[in-house]
There are 4 protein chains.
Amino acid sequence: MNIHSLHKIRLFSADLKRWVIKKLSRNSSDKYNLILNAAIKVFAENGFFYSTVSQIAREAGVADGTIYLYFKSKEDILLQFFNCRTQEVFDRFRTEVEKAGNAREKLVNLIRRHLEEFQHDRAMAIVFQSEARVKSRLNGRLDKYVKDLSKKYMDLVGEIIELGQAEGSIRKDVYISLAKRLVLGSVDEVISTWVNTGGHYDMASMAEPLVDLYFKGIGSTKTAAVQ
Amino acid sequence: MNIHSLHKIRLFSADLKRWVIKKLSRNSSDKYNLILNAAIKVFAENGFFYSTVSQIAREAGVADGTIYLYFKSKEDILLQFFNCRTQEVFDRFRTEVEKAGNAREKLVNLIRRHLEEFQHDRAMAIVFQSEARVKSRLNGRLDKYVKDLSKKYMDLVGEIIELGQAEGSIRKDVYISLAKRLVLGSVDEVISTWVNTGGHYDMASMAEPLVDLYFKGIGSTKTAAVQ
Amino acid sequence: MNIHSLHKIRLFSADLKRWVIKKLSRNSSDKYNLILNAAIKVFAENGFFYSTVSQIAREAGVADGTIYLYFKSKEDILLQFFNCRTQEVFDRFRTEVEKAGNAREKLVNLIRRHLEEFQHDRAMAIVFQSEARVKSRLNGRLDKYVKDLSKKYMDLVGEIIELGQAEGSIRKDVYISLAKRLVLGSVDEVISTWVNTGGHYDMASMAEPLVDLYFKGIGSTKTAAVQ
Amino acid sequence: MNIHSLHKIRLFSADLKRWVIKKLSRNSSDKYNLILNAAIKVFAENGFFYSTVSQIAREAGVADGTIYLYFKSKEDILLQFFNCRTQEVFDRFRTEVEKAGNAREKLVNLIRRHLEEFQHDRAMAIVFQSEARVKSRLNGRLDKYVKDLSKKYMDLVGEIIELGQAEGSIRKDVYISLAKRLVLGSVDEVISTWVNTGGHYDMASMAEPLVDLYFKGIGSTKTAAVQ
DNA sequence: AATGAATGAGGTTTCATTCAT
DNA sequence: GATGAATGAAACCTCATTCAT
């Protein structure tokens, strides 16, 4: 009996436990999501590059090789995350926007939903905030999704602003592409701050004050009027 | 003490002087910066994790081993970038802010300088935007610099806003921490967009319109007044 | 609890049984020993520091990476050698000692077995003689095993000598700790010589003459008596 | 001013001190021995393989390159140690042996001197005990010296034993080559133990008891007589 | 479909040695 | 002779991926 054997025995009981839990709890068809969720969790903890396929497999309770039955590669997992997970989320943004009657409400709904979704799934928020901008060989394909998503978001905000201009609630002389970046940038920053400080407070309630700031600006009425 | 001793002492101090001059004048900074710049360029092209030390060495025109005379590790290069490069830049931000007389001008100066600096060194901009948020083992020490810098920036914006409130140019009821995130977030987004679209247009000229947007908001005067 | 549930439970326990059997029966010991033996052979030829992991892998007929499934590092291989291989051998020493009835026979059995074991596995002998004393960073952990083993051996010899003194076959005024070093040192030297000269002659047969020398000394009877 | 600069400045004062000490204390001709001694000290601390040429240079207060003016390579330093240092020591053994009148005294003188020399220079003792047996590519040339030295020692002991037999103080039926290994092995073991336990006690005084043990053996007179 | 032992390419890093000053 | 910055070969080790079971 050597150290190697001893180590194996220790692992054995941990594995046994995992095996029982897995057998008892799973209906064996949703492996794709099981792995994807495990991966997001692992990526959120260690970052994509410092996460290993084995870690993901362990977290998911499957064998390393199993992952390759559902994903082409480690990079593909991240790709799928950006592709389908964030698409789903974005679709819910749209629904929420459509519920509102005017530009301001639409913007509040969009941002509130955005903050809610990210607040609800912190691992997703971390991965999104951390990995979306990473410059990497993934870029070719990752960019495709990230830029697409970003564009959709921008377009959605653009539509709302144009609606507001038509309604008369938003100034006609607003430089739209700048306004869009103002919105997306500040929401992004709010989420980043939330993520970096541990994610313990309620972010969604910041939607209303944020939109208020967009509309009124920080200038005093007098100043604004004078200009 | 005889003449012989005296002579020895004279020689000694001549040698000492020569030794000190040599030690102090060797501008090892040359190669340090040579390598750092090469690394930033390579990181900007491939991303930190997909860059190899050999690539950096080739770009700098030195041997692989030479890099380890100036940096502890590959990670250390990125750390040094965030530590000294960005500190230098930030110091110039402060100078620019101090030049202006009122809050609005200070904000314009800060943002214009920010955009100018990043525009001036696109590789730096790319690395900063890409790697600063990456969740990694680096984080422990990288975060130290990134968070520190971010805090300094936030504090600077905070001071400006408070000044504006004292001046009467900024509303007293502005939720300061939100306003700060509005500013940092939108500037960040402007830079990211610039980087992602190839960095071919003039970003610095967007400082004035951006600040205008902060002050006046996007809301039409009527709406703002009504609320 | 219905029939369906019952069926599931039956299947479950069948699976559980299969899983446990599989886990326990995999004889990973095979490859562990395959690699360990290959390493000992390579170490014996080149010395630990001049042996490369690739050489060991080639000798074992596995890929370089495979080695790291069974050993933490190159150093760990040497550590495992000292830990388990030499422990096994030492246990056989003890058994051999217990077989004998008196001190002299015990000493002969111990030494004969010692010489036999090393003679039987020349690579082991070489590695043991060469690497056990090496001053290195390994020392921290290597020493643990080597000193422990050395102490056990010393204690065993000490017990035998004390037994001899009780029996009356060994002088009461013998400085025990010196006598122990006499025994261990000379056996060590006999093995070293055997190793260095190519290991072609029978070492085990030297046990009896050696012990004879210990007991009678080199002095002529007359001299001994006179003193 | 970055971390790199700071580090350099810290090193500067250490270097300055070293430079002054060196200039003041040395007569610049005995570099060979200066380096050799420094190397022995470093080898004793870290072992040959974990010692770097830079460490030796620092310990000697010379530049790395200077070492190669006096030694062909790192290995050559160890070689020179075994070649000249131990030869010198061995020559003193011979002188000591010649001083004595009979075999027993000669043996005591030899061993006492041996223990004294090693006790006097612990670093030498450590390096000799640790590195002499290391199986390495050095072997080709290192062995030459080590084996030669070992043979000389063995021959010296052999001569003494033969003298003793002629004198009548040593049994005629002693298996000489075994007796030689008994002597060398036990002295070696005594030194190893002394080195490993920190080298704080007086080893030289063990020469007399050791030789006593060689002559009288451990057996009780009665037993010895009976056999 | 699921497994996980085995693979081996390729990365980071060290350090003995050289050579221009 | 002396220096020490620069070199680059070569080592250890990791881990994404494969494939026989």
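Which side chain meets that of A:R94 in a salt bridge? I looked it up and found A:E159, at 3.4 Å from N to O. I count a salt bridge when a side-chain nitrogen of Lys or Arg lies within 4 Å of a carboxyl oxygen of Asp or Glu. The pair links distant parts of the chain, 65 residues apart: A:R94 sits in helix α5 (residues 74-99) of chain A and A:E159 in helix α8 (residues 139-167) of chain A. Helices here are DSSP runs of H or I, at least four residues long, numbered from the N terminus.

A note on the ground rules: this is a predicted model, where local features need pLDDT of at least 70 and side-chain atom pairs count only at pLDDT 80 or more, while totals for chains, interfaces and linings use all residues. Residues are numbered from 1 along each chain as its sequence is written, chains are lettered from A in the order in which they are written, and side-chain values use heavy atoms, with hydrogens and water left out.

Next I checked accessibility, calling a residue buried under 20% relative accessible area, exposed over 50% and partly exposed in between (1.4 Å probe, protein chains only). A:R94 is partly exposed at 29%, and A:E159 is partly exposed at 41%.

One network of them links A:R92, A:E96, A:K99, A:R113 and A:E117. C:D173 is exposed at 57%, whereas C:R171 is buried at 10%.

B:D188 forms a salt bridge with A:R133, with the closest N and O atoms 2.9 Å apart. B:D188 lies in helix α9 (residues 176-196) of chain B and A:R133 in a loop of chain A, so this pair joins two chains. B:D188 is buried, at 12%.

On to chains D and C. With contact meaning heavy atoms within 4.5 Å, I list 55 residues from chain D and 54 residues from chain C. D:Y50, D:R133 and D:I218 supply 16% of the area that chain D buries against chain C, more than any other three residues; buried area is the accessible area (1.4 Å probe) lost on putting two parts together, summed over both. I count 3 salt bridges between these chains. D:D188 makes one with C:R133, at 3.0 Å.

Last, I looked for disulfides (cysteine sulfur atoms within 2.5 Å), and the count over all chains is 0.
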